[in-house]
Structure formats: C-alpha cells, structure tokens
Amino acid sequence: MTVYGDLIGQDRAIGVLRRAASAAAEAVAGGRGAGMTHAWLFTGPPGSGRSTAAKAFAAALLCPEQGCGHCDACHQVEVGSHPDVTFVRPEGLSYGVRQTRELVLKAAGAPTLGRWRVVLFEDADRVTEQAANALLKAIEEPPPRTVWLLCAPSADDMIITIRSRCRVVTLGTPSTEAVANVLATRDGVPHDVALDAARAAQGDVGRARRLALDEETRRRRAEVLSIPRSLTGVAECVTAAERLVKTSTEDADAATTALNEVETAELRRVYGEGSSGKGLNKGLVRGGAGALKELETMQKSRATRIKRDSLDLALLELMAFYRDVLAVQFGASVELANEDRRHEVEAVARASSPEDTLRRTDAIMKCRERLAANVHPQIAVEAMTLALRSPGVVHRG
C-alpha cells in the first residue's frame, strides 16, 4: 500500500500530489530545489482527510520512491518520528505569534536526513492575526529546502496574502458507499451497519468508524437526535440545553484528563521533581514553576476548544436532522443522513412546514455564531432550544 492508501474517494487530489512529488524529486536531482512549490494549502470539509493528505505528501517528498508506504522514511513520517518533518497541532483556541516565530526559526534549518524540511500545520486557520503575519513572512521567503503544508477547512479561512502564495489542494466529501466499503473491508463492520454509519457521518471517515464501532458514540448521537421531539415545553427546552452543554463538558474532560496527567508528570520529571542524590532538589528546579503554569494555561485552552468542538458537533447533528426533514417536506430525491431514523424525520416533517424547518436551521446556525463569539454556552443553547420548540419566533442578534 502506498502512503495515499488512507485517502478515501480523493483520486483527483492524489493525482495532483503524485505528480508534484515526482516533479520535486526531479528538481532535487537536477539541483533545482528552488523550483519547488514551497507552500501548500490543503482544504476540505471535516473528515475529508486534509491532514492525512498532507502527511502522505510529506512522506512522498521524503521517500526515494515518492511514497512507497513501506520504507523507513514513509514509516517515520507515519508515526511522527521523522527528524525533517515538524507536526504542528494547535491545542487551544488559537495559535499565537510567539509560537509561530519559534516555528519559523525551526523551519529555517537545513534537512537532516531527507531532501526537504517539511512543516505540516494542522488547523492553520487557528492562527491569530499577528501569527498569520509572521507565517506570511516565512512563506514569502522560504529557505530553498523548506516546504510548508497548511491545513484548513477552506481557502477563505486563511488571510488572502497567505492563500495567494499557496498551491491549494481541495479535497471533497467521500461518497457514502466509499466510506462504507472502507469500514466493511478494513474494520469488519457489517455492510448495513457501515452504510448507516457512513450516512450519519456525512463523509467523515473517522466519525463513521467511531459510530460503527463505539457504543458510547452511538448513544450520544441518539441523545442529540432525541431533542427535536422532546421540546414540548419551556422546562424541557432548558433541560435539553443543560444536557447538551453537560455532555460536551464531559467529552472534553474525558479527552483531556489522562493526557493532562501524563504531560504534567513528564514536565515535572524534566524539571527534576522527585530526583534524589547530592545537589538535587526534590521539588521543581528554577524555571519549572513557570513552565508548569504555562502548561496548565495551554491545557485549559485545549479543554475549552474540545468542549466547543464537541458542542458544535452536536449542533451539526441537529442541522443534518432538519436538513433531512426539509428534504422530506419537499420530496427531494436525496440520501438522508438519518436514514436509520426516517420515521422520526417523517414525523417532524408532517408536523411542521418548510418555513418552520428553515427557521429552525437558522436558529442552530445563530447558536453556532454566538458560541464562536464567546457567548456563554448555556445561554446560547437555551435560546436555540426555545427557538426549535417555537419555530415562528427566532430571536436575532
């Protein structure tokens, strides 16, 4: 299997990357490294494989065979241990200018083993304005053997001066059948279960796999999709909002608690806590307290981001439900994301009008906008659930 084996339904993008890797190898062989495109922007919806495509391209650039998938270089890139590939994963809500400047300095060095020094920047859309300006400087004047691979949902999420200097690789949403086939062949999921999971995930391969294999993921989805028919009164709306916010908080805690403990223990070890022997302190050495405080700040920011992402995923589940309702109301011949819950979709469709459904989707989008603007989650979600119950009144602002 080549390095592109995990990219599902992205044949066009794979062709572009194969040709680019081959041209880069020829350029290096001919001593023309400066002719390589030094900045790439990988875009696509959630689950389309932006980071997977960027990692595969990084491996192809460093592999003697342009991405064979089984050599040392390919393996090192896959596991994240190649010395010439820097992986950047913003943990918090944003990526600051100080971090970006440090990254730019690191990226300026010559390759250690391979032909290129590669910086793979996931969620590059999280850079602050000042950080984007520092990143722009590096992209405008890159060292001859440094390649930047940026990942973002869309080109519009990056400032125009950066995206205009990048070659854009656009990934699409994989088809339901393609995702289902992967689940069936690689994970041994029964085909009907795989189809339901692929539809529900709307092309997101990772989410489809979790829905197919993890009972807790299915339970949480079912809980979210029970909301539309549970909003029978104001009290029920408030309860539903509390449940959504509480679940997102629990998801964030589950995702970060163990990781936080490992990171904190490792930092304390590095700064000498618990060491014994002559001349060694049992507490943190100088600088350790500041580093620990900085780590705690990052961890809190990461927990906030994961909580927000979890809540946003629930809102997108609701949006998909009402999109299905609207499709049924108009008699559209489209695949329903919630085919496994068609009877519920049809019940809501019969009990409301298309205008009601559109106002409800507007309420969900307004909630997402408010959350992005740092409105308190409980307030934003309560406003949404009340609007979902009474679609004729959608508060704006």
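The questions and answers below concern aromatic rings and backbone angles in a predicted model.

Q: How many aromatic pairs does the count come to?
A: A pair of aromatic rings is described by the distance of the centres and the angle of the planes. Rings pair if their centres lie within 6.5 Å, and by this rule the number of aromatic pairs comes to four.

Q: Is the pair of Tyr95 and Phe121 stacked or edge-to-face?
A: The centres of Tyr95 and Phe121 are 5.0 Å apart, with 70° between the planes. Because planes over 60 degrees apart count as edge-to-face, the pair of Tyr95 and Phe121 is described as edge-to-face.

Q: How many residues apart in sequence are the parts that the pair of Tyr95 and Phe121 ties together?
A: Tyr95 belongs to the loop between β2 (85-88) and α4 (97-107), whereas Phe121 belongs to strand β3 (residues 117-121). The pair therefore ties together parts whose separation in sequence is 26 residues.

Q: What is the angle between the planes of Phe321 and Tyr322?
A: Phe321 is buried at 0% relative accessibility, and Tyr322 is buried at 1%. These two residues form an edge-to-face aromatic pair, with 5.5 Å from centre to centre and an angle between the planes of 90°.

Q: Which residue lies over the face of Trp116?
A: A charge sits over a ring if, among other conditions, CZ of Arg is within 6 Å of the ring centre. At 5.8 Å from the ring centre of Trp116, the residue lying over its face is Arg145.

Q: Is Asp123 partly exposed or buried?
A: Asp123 is placed in the loop between β3 and α5 (129-140), and its phi is near 50°, a positive value in a residue other than glycine. Most residues other than glycine have a negative phi. With a relative accessible area of 23%, Asp123 is partly exposed.

Q: What is the relative accessible area of Asn374?
A: Asn374 is found in the loop between α15 (354-372) and α16 (377-389), and its phi is positive, near 70°, in a residue other than glycine. Exposed means over 50% relative accessible area, and Asn374 is exposed, with a relative accessible area of 57%.

Key. Residues numbered from 1 in each chain as written. Predicted model: local features only at pLDDT ≥ 70, side-chain atom pairs only at ≥ 80, totals over all residues. Heavy atoms only, no water. Phe/Tyr/Trp six-rings, centres within 6.5 Å; stacked < 30°, edge-to-face > 60°. Helix = DSSP H or I, 4+ residues; strand = E, 2+ residues; numbered from the N terminus. Buried < 20%, exposed > 50% of the residue type's maximum accessible area, 1.4 Å probe, protein only. Lys NZ or Arg CZ within 6 Å of the ring centre and 35° of its normal.
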